[in-house]
Amino acid sequence: MKDLPVEKVYLANLPTKIQKLINTSLKCGTDIFIKRDDQTGTELSGNKIRKLEYAIAEAKKNNCTTLITCGGIQSNHCRATAAAAVKQGMDCILVLAADEKVPPNGNLLMDYLFGADVRFVSSEEYANRNAIMQNICEELSAQRKKGYIIPMGASNGIGTFGYYNAMDEIIEQEKQLGITFDSIVCTVGSGGTYAGLCLSNKENGYGKKIIGISISESADFFVNQVIEISKEFYCYFGRNDALTADDICIIEGYAGKGYALSSPHELEFIKNFARQEAIILDPVYTGKAMYGLSREIAKGTHFNEEENILFIHTGGLFGLFPKSGEFAQILPFSS
Ligand SMILES: *Cc1c(COP(=O)(O)O)cnc(C)c1O
């Protein structure tokens, strides 16, 4: 399945580096490596740009003028979409969920800088985000423009090609580095990153353990989500196929207080990790997932001491800054 039935635009800085987490490996007693997908770009930083490369190519092929997508106020995906739209000479409309007035910082500040048309809806309205985006599309047709809707996190069939493709990048890097990764671990927020890795592993017979760590919903929820995404993915090949639950390994229990809410031990973990590796994890995704990975290694259920683990750093740095006040308890400043 090497020849892909889809095209991409080239936006991300690829390949991203793989580094060993020297001090963390010593501490955990297992070799852990990190793939720096937080370095896919500065403005484009994070995992979403890999998915957007395929989604935007599809939008352009369909002569669309305007990218429409949605997310939380600190959505990394929305910020990357807004930046990518500028690069492609397209317009961008963002539907963001916010129940109160929000300060324009972090990713949201960047959305405005990139000139995105930011539209807030309540979390109640956000439940109907797909209908809202559809309405925006109709509004655009009346202006002789054409919208292209990207669902939350670009976690649909086309977006999945981003990490389907990233898997080949990893296999190539294994050869260069002379290392074989037994497990590849990523954060699961809407499932598209995991689905892409898992589909490539299966289709290309790479034989790795692909492990996702949920930062929000239950494992069952995401298993179903990934199966649905895989169906859409196979449609691009004209195949009526899907991943099964046996192909998928998602670990739950690390959502903490819930999506985008931080617990003191998570902030403490981010602080310690920064001092251990000089790498910043974000509070919403990678901080929770890396915390989860370290706990799971200690438990020994999914990992053993001999193996090489590759964790994908999916980005999210800008989401850290709006949370600076929460760090006042563990850092020498007051909020
Ligand atoms: C969106 C996001 C994720 C989750 O990826 P999904 O493909 O949505 O599961 C992980 N980390 C960061 C920083 C993200 O922005």
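Helix H10 (residues 264-277) is followed by alanine 278, whose phi is positive, near 55°; helices here are DSSP runs of H or I with at least four residues, strands are runs of E with at least two, and both are numbered from the N terminus. Alanine 278 takes this positive phi although it is not a glycine, and its place is in the loop between H10 and H11. With a relative accessible area of 69%, alanine 278 is exposed, where exposed denotes over 50% relative accessible area, buried under 20%, and partly exposed the range in between (1.4 Å probe, protein chains only). The model is predicted: local features require pLDDT of at least 70 and side-chain atom pairs pLDDT 80 or more, whereas totals for chains, interfaces and linings use all residues. Residues are numbered from 1 along each chain as its sequence is written, and side-chain values use heavy atoms, with hydrogens and water left out.

H10 itself has 14 residues and reaches 20 Å from its first C-alpha to its last, close to the 20 Å expected; the expected span is 1.5 Å times one less than the number of residues. Its buried residues are Glu266, Leu267, Phe269, Ile270, Lys271, Phe273, Gln276 and Glu277. These buried residues pack against helix H1 (22-28) and H11, contact being defined as heavy atoms within 4.5 Å. Lysine 271 is buried at 16% relative accessibility, while glutamate 268 is partly exposed at 28%.

Helix H11 (residues 286-299) also has 14 residues, and its end C-alpha atoms lie 19 Å apart, in agreement with the 20 Å that it should span. Of these residues, 11 are buried, so H11 is largely enclosed by the rest of the structure. Among them are Lys288, Met290, Tyr291, Leu293, Glu296 and Ile297. Just after H11, glycine 300 takes a positive phi of about 75°.

The largest nonpolar core has 66 residues, and those with the most contacts inside it are Tyr194, Leu197 and Ile248. Such a core is a set of buried Ala, Val, Leu, Ile, Met, Phe, Trp, Tyr and Cys residues joined through side-chain atoms within 4.5 Å. Elements that each supply at least two of its residues include helix H2 (48-61), helix H7 (157-177), strand S7 (183-188), helix H8 (192-203) and helix H9 (219-235). H9 gives the most to this core, with 8 residues. Leaving aside residues up to four places away in sequence, tyrosine 194 touches Cys186, Val188, Ile210, Ile211, Gly212, Val226, Asp247, Ile248, Cys249 and Ile250. A second, separate core comprises 24 residues, including Val185, Tyr254, Leu281 and Phe311. In soluble globular proteins, nonpolar side chains tend to be buried together.

The salt-bridge count comes to 20. Aspartate 247, one of the residues touched by tyrosine 194, is bridged to lysine 202 with closest N and O atoms 2.9 Å apart. Aspartate 247 lies in the loop between H9 and strand S9 (249-251) and lysine 202 in helix H8, so this pair ties together parts that are 45 residues apart in sequence. Both partners are partly exposed, aspartate 247 at 26% and lysine 202 at 40%. Lysine 323 and glutamate 326 form a further salt bridge, at 3.4 Å between the closest N and O atoms. Here lysine 323 is buried, with a relative accessible area of 10%, and glutamate 326 is partly exposed at 36%.

Leucine 14 and proline 15 are joined by a cis peptide bond, with omega of about -5°, and proline 15 is placed in the segment before strand S1 (18-20). Asparagine 63 has a positive phi near 55° and is a residue other than glycine. This asparagine 63 lies in the loop between H2 and strand S3 (66-72) and is exposed, with a relative accessible area of 61%.

Definitions and conventions. Salt bridge = Lys/Arg side-chain N within 4 Å of Asp/Glu carboxyl O.
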